[in-house]
Amino acid sequence: MKVDVLLGLQWGDEGKGKIVDVLTPNYDIIARFQGGPNAGHTLNFDGKKVVLHTIPSGIFRENTLNVIGNGVIIDPFILINEEINQISSITDVKSKLYISQKAHLILPTHRLLDYVNETKRGSNKIGSTLKGIGPTYTDKVSRVGLRVGDLLLPDFQERYQHLKNLHIAQIQSMGFDYKTLQLNNMPFEEYERLWQKAAKELATYHICATEYLLNKALQEGKKILAEGAQGTLLDVEFGSYPFVTSSNTVTAGVCSGLGIAPNKIGKVFGLFKAYCTRVGAGPFPTELFDETGEQLRQKGGEFGSTTGRPRRCGWLDLPHLKYACMLDGVSELIMMKADVLDGFNELKICTAYQHNGQIINEIPYDADHDMQPQYEILKGWDQSNTQTLPQTLKDYITFIENYLNLKITLVSVGADRNQNIYL
C-alpha cells in the first residue's frame, strides 16, 4: 500500500478540511504532516460547522484513526481547550487520536516571541497568525526545542523553565517586558498556568512513535491519507519567501513529516479554489481591489478561520497553479468554491505575466515586483447545483484542465460535505 496525499495548491484556505472529511470513508488513517494551530480546516456536516487547527479532519468519521505526525507543532492550550473540548460532545477524540512523540511543542513564550518579532518589523510585517509557529520551528532547527515526548519525562519542568528563560532573555533584549504582554486576552502568567494544565492532559493521550505506527499500517494493507495544511505557495522553500510559513507544505513534506519513504507516496490530490485568496502580506498578482474583489470576499465568506482577518481576493492564477502541480506531482485536481462564481457575467483567468518588459509564464525570483497578469476572459454562469454543471462552468473547467494538462475529478459547489459533483 501507499500513502495518498491531499494538499492545497494556492496560499492556503482551499477547503482541505471538507475534502478530507469527504474522502475519509475510503481510508483507515488520516495523518497531519506539517504546520500547527495556524491552520484552520472548516468542516460542515449535519447542520454543524467545526473548525480544526491541529487535529486531522477525519476525526468525525467512525473507525478512522487520526495521527498528528512529527512534522506538526502543537500548542497544548489550543489543542485541548479550543479543539478537543469543543468537539468532545460530537466525537470521542481520545480513542481515535495518536500523537507523535517527536512533534514539537509551542510554549507560551513562543507566542510572545512571535508577537515581539512581528511588532519589531513595523511596516514590513509578514502577516503572522501570532500562534508561535515561526519561533517554534526556529527552536526546532536550532536543536533547543521541546517535544511531546518530553511531557512524559520526570525533568520536563526543568527543561521547560530553561527554554522559557532563553525566550525571556530574547524578549527583554528587544525592549519588551514579558509580564506586561497578554495571550488570549489574559495575563501571561494566567495563560501559562492554563497551558501547563493542558500539557498535563495532553500527556494522557496516545503518544507514540507514529512513524512505526504508520509504516506497520502500510505493511498490513491499510489505507492512509496525508492531510496538508496551509498551501504549496506558502512552502518555506518554494513559496513567496519571506511571506511564507515555516514548514514544507509540498508533497515532499509528507516524507519528513510522517516518516514515510518517497516510494510509498501514492495519489496526490491537489485542491484549488475557482479563484484565488491570500491572508497576510506577500505577492498576489491577480489581487482585486474593486467591487469584484469585495463580492468574492462576501460571497465566499473569505475571512480567516484561524484569525478572522479578511482574505485578499483575486482571479484564478494558472501559472502559479501549474508551478504548484509541478512541485507536488499532482495526479488529480479538485476545484473548490465553484458556486462563489455563480452570477458573474464574465470571468478572468491569468495565463501569463508581463515582467520587466517580457511575457513570461514562470514565477520569477522577484515575484513581488512588476508582475502584470495577462488575462483570458471567459463567460460566466448563472447557477451551479449538486446535480448538473452549466455549460459555461464546464468550459471554465476545460480551460483549466487544458492549461495544466491535468483532470479535475471533483467540483465543490457548497460548504456541506454532500455538495460535490464528481466528474
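Guide: Contact here means that heavy atoms lie within 4.5 Å, and the structure in which such contacts are described is a predicted model.

Visitor: Across which strands does H1 lie, and at about what angle does H1 run to S1?
Guide: The strands that H1 lies across include S1 (3-8), S2 (29-32), S12 (224-227) and S13 (265-273). The list continues with S17 (332-336), S21 and S22. As for direction, the angle between H1 and S1 is about 155°.

Visitor: Which strands stand at the edges of the open sheet?
Guide: The sheet is open and of mixed pairing, with 10 strands in the order S11-S7-S5-S2-S12-S1-S13-S17-S21-S22. An edge strand has a single partner strand, so one side of it is left without a neighbour in the sheet, and this holds for S11 (206-208) and S22 (420-422).

Visitor: Which residue in S22 stands opposite Ser412?
Guide: Strand S21 (residues 408-412) runs antiparallel to S22, and three bridges join the two strands. Opposite Ser412, the residue in S22 is Asn420.

Visitor: What angle does the direction of H12 make with that of S17?
Guide: Helix H12 (residues 391-404) packs on the sheet, where it touches S13, S17 and S21. Between the direction of H12 and that of S17, the angle is about 140°.

Visitor: Which residue in S12 is the bridge partner of Arg32?
Guide: S12 runs parallel to S1, with four bridges joining them, and Val3 stands opposite Ile224 there. S2 and S12 also run parallel and are joined by four bridges. In S12, Ile224 and Ala226 point one way while Leu225 and Glu227 point the other way, and all are buried. The bridge partner of Arg32 is Glu227.

Visitor: At roughly what angle do the axes of H6 and H7 cross?
Guide: On the side of helix H6 (residues 156-173), Phe156, Gln157, Tyr160 and Lys164 meet Phe188, Glu192, Trp195 and Gln196 of H7. By class, this contact has four nonpolar, two polar and two charged residues. The crossing is right-handed, and the axes of H6 and helix H7 (residues 188-202) come within 14 Å and cross at roughly 145°.

Visitor: Is Pro187 buried, partly exposed or exposed?
Guide: Pro187 has its place in strand S10 (residues 186-187) and touches Leu181 and Gln182, not counting residues up to four places away in sequence. Exposed would require over 50% and buried under 20%; at 46% relative accessibility, Pro187 therefore counts as partly exposed.

Conventions. Residues numbered from 1 in each chain as written. Predicted model: local features only at pLDDT ≥ 70, side-chain atom pairs only at ≥ 80, totals over all residues. Heavy atoms only, no water. Pairing = 2+ DSSP bridges. Axes fitted to C-alpha atoms, helices over the stretch in contact; angles between N-to-C directions. Buried < 20%, exposed > 50% of the residue type's maximum accessible area, 1.4 Å probe, protein only. Left-handed = near helix turned anticlockwise from the far one by under 90°. Nonpolar A, V, L, I, M, F, W, Y, C, P; charged D, E, K, R; others polar.
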